[in-house]
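Subject: Structure handover

Hello,

Here is the structure you are taking over. Please open it alongside this note.

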Amino acid sequence: MIHMEDRLLLNPQLSDFSELVLHHIVVLLLLTHSCGGQSQVIGTSQPTVAMVGDDIILPCHLDTGVDATDRTVEWARSDLDPRFVYLRRDSVELHLEEHPLYMGRTSLFTNNLKCGDISLKLSKVKLSDAGSYRCLVPKSIDVVVELTVGSVSSPDIDISKVSNGVLLECKSKGWYPEPEVLWLDGEGNLLSAGPPETVRGPDDLYTVSSRVTVEKRHSNSFTCRVQQKNTNQTREAHVHLPADLFMVQSIPAVRITIILAVCIVPIVVFIVWKWRLNKTKTTKSGIELQPLNEGEGDREKLMAKSQKITYLDNTKANLDEDLRRNEGELQHVLQVIIALGNQKKDLKGQREKLISLQQKDKTQIEENKKKLDNTPVTQEKKKMSKREKTKEDLERRKTEHEKLLQNTDKLLETTEEMINTMTERKGKLERDKEQINKNLKETERQTEIQRKLQLDQSEREEDKNNPSSNDPL
């Protein structure tokens, strides 16, 4: 025969439930035993624990020999209004005096009243039932019983591949109070995981989830443990990961990076083409960046002073427009240079990863070859077939890594050429900007001179037309 202790050892998942059942059995045995002549009041300093939906017994007992059949028995909670959860007077249950939340869910063991057993049976426990219950028989007993209510559920584990291993996500719904989540490896060691995510639903129950990224280990077995210490409840989910799941590493990440790089190339080419188009338009507009003093003597002979001022004003407006266009282009060029610099950095990092992966490919191919060479002829066909498939996967991955490395090198070379082109363009724009500023300064100087000359000429003409103004008094 297997004793209770042996059964618990054989099935650890029964331990939490068994402790709760054992507590009720002990209470019932004490109650039953007290009817046999022991003079004691039954109570407990430990809270009674119940799960949502359970039927629970809140223990309370008078001294032996006291018949409670005709006594007033009150079970109440001071935080409720009305406070009674059960009331019995003159052998009659007064249900109308009870709180509506407990209607039809509370009762006494009427057959045990003669021996002083006034324990309360509470059916279909709810979360709201948690609290302090007062058991009162006037002039006989006044006992407080604590009830802790919990809710549990089994967790589930989802598996997904990531670049640096395998991502495990554990999720469990319907807990109360709020539980904690732990990850363990096959040897029972705790794994380092980030803080769990906890959401409390409208039913006051908690949903918890936790993620951890794992690498290949000796057993490749992992456990998600969800536990609540106040109710002494624990639920676990186990998963065993096949070794093949850890073989293909970071290929998706490499491919995505390469695709992004390929997408950037035509965008940059389009930007360069548009800049060249803008440069052509600027040249065709006739606004050349040249010093203003070239041909200035000839222009002075051909136009009046007022025409010179108009010409200078138009020139300044054109130069202002050129400066705005130049600064806009220069800003875009700087942004592209920064973007290309970041792309170059990412490509170099990707190249290093690919070289590292190629080295791993080489090592794993050699290890798999040794296993194939050392496999006895009598080895199981299933195992041989598995190793042959592994060999094919390794060779395919090696080829893919080689192609990705070649594409990365080409993109890296193209990116560097574009950086050089953009840097040259930046220098040209900066020189143009400097020349524009010089021309603007010269234009402003010439305009000021022309306005002063025009003012002087106007004053001389005015003096000539009014000679009396020059006669001495």
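Below are notes on its strands and salt bridges.

This is a predicted model: local features need pLDDT of at least 70, side-chain atom pairs count only at pLDDT 80 or more, and totals for chains, interfaces and linings use all residues. Residues are numbered from 1 along each chain as its sequence is written, and side-chain values use heavy atoms, without hydrogens and water.

Strands first. Helices (H or I, at least four residues) and strands (E, at least two) are DSSP runs, numbered from the N terminus. Two strands pair if DSSP finds at least two bridges between them. Strand E9 (residues 141–150) runs parallel to strand E1 (residues 48–51), joined by four bridges. There, Ala 50 partners Val 149. Strand E8 (residues 131–137) runs antiparallel to E9, with seven bridges. Arg 134 partners Val 144 in E9. Three residues lie between the strands in the E8 and E9 hairpin, where Lys 139 has a positive phi near 70 degrees.

Now salt bridges (a side-chain nitrogen of Lys or Arg within 4 Å of a carboxyl oxygen of Asp or Glu). The whole structure has 24. Asp 129 pairs with Arg 105, with the closest N and O atoms 2.9 Å apart. These two are 24 residues apart and link distant parts of the chain. Buried means under 20% relative accessible area, exposed over 50%, partly exposed in between (1.4 Å probe, protein chains only). Asp 129 is buried at 0%. Arg 105 is buried at 8%.

Lys 428 and Asp 432 also form a salt bridge (2.7 Å, N to O). They sit four residues apart in helix H6 (residues 381–465), so about one helical turn separates them.

Regards
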